[in-house]
Amino acid sequence: MKFRSLLYPDPSRTGSLGLLLVRLATGVLLAAHGLSKLTAGPAGLAGGLAAKGFPAPTLLAWCATLAEFLGGVCVMLGLLTRPAAAVVAFNMVVAWASMHMADAAHFGSAKGGAFEYPFLLSILGLALALTGGGRYSLDAVLFGRKTDAGGGGG
């Protein structure tokens, strides 16, 4: 095996493996946070949304909680990856833009985590919405969708 092939493997062989790792990490984090909100109930998040002036804060809190939990599970499994990831990305953009923007001033420090976490999840969600779940996803099994970073079907 050539040294160059170790440093720069063919993305048609490794792209879906990379997507699998991104999907699993993103989905586990989202589902865990969504589950903690589900078990605690929406009151805490709804209170924060109400304090920011959002209409129907309880409804929005449930939507955000379900987007995190169900979106995380779907992303993890690679099931309806593109729409689930798009919902996750939108949810996380709303989270950092409305609730955590003040923490962006601390970007790169320990205090910046409240902004950085939803910001990163919004970017990961957008990337997965663009790429799909890849070869190792339920989308590929159920719908024949094998799109990955190395190319392939739609």
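I began with H4 and H5, whose crossing is left-handed. I call a crossing left-handed if the near helix is turned anticlockwise from the far one by less than a right angle, and right-handed if clockwise. Helices here are DSSP runs (H or I, at least four residues), numbered from the N terminus.

This is a predicted model, in which local features need pLDDT of at least 70, side-chain atom pairs count only at pLDDT 80 or more, and totals for chains, interfaces and linings use all residues. Residues are numbered from 1 along each chain as its sequence is written, and side-chain values use heavy atoms, with hydrogens and water left out.

**H4 and H5**

I looked up the packing: the angle is about 140° and the axes are 9 Å apart. Axes are lines fitted to C-alpha atoms, for helices over the stretch in contact, and angles run from 0 to 180 degrees between N-to-C directions. On the H4 side, I noted Ala 64, Ala 67, Glu 68, Gly 71, Gly 72, Cys 74 and Val 75, which meet Ala 84, Ala 85, Val 87, Val 88, Asn 91 and Met 92 in H5. Contact means heavy atoms within 4.5 Å. I sorted these residues into nine nonpolar, three polar and one charged. Ala, Val, Leu, Ile, Met, Phe, Trp, Tyr, Cys and Pro count as nonpolar, Asp, Glu, Lys and Arg as charged, and the others, Gly among them, as polar.

**H2 and H4**

I then took helix H2 (residues 11-40), which packs with H4 at about 150°, the axes being 7 Å apart. The two are therefore roughly antiparallel to each other (angles over 145 degrees count as roughly antiparallel, under 35 as roughly parallel, 65 to 115 as roughly perpendicular and the rest as oblique). H2 passes H4 in a left-handed crossing. The H2 residues I listed include Arg 23, His 33 and Lys 37, and those of H4 include Trp 62, Glu 68 and Phe 69. This contact divides into 13 nonpolar, six polar and three charged residues.

**H3 and H4**

For helix H3 (residues 43-51) and helix H4 (residues 57-77), I found axes that come within 8 Å and cross at roughly 125°. That makes H3 oblique to H4. Their crossing is right-handed. Leu 45, Ala 46, Leu 49 and Ala 50 of H3 make the contact with H4 residues including Pro 57, Leu 60 and Ala 64. I counted eight nonpolar, two polar and no charged residues here.

**UniProt record**

I checked the unreviewed UniProt entry, which lists residues 20-39, 59-80, 87-107 and 119-138 as "transmembrane region"; such annotations may be inferred rather than shown by experiment. In the model, residues 59-80 are 86% helix and 0% strand, with end C-alpha atoms 24 Å apart. Residues 119-138 are 70% helix and 0% strand, with end C-alpha atoms 26 Å apart.
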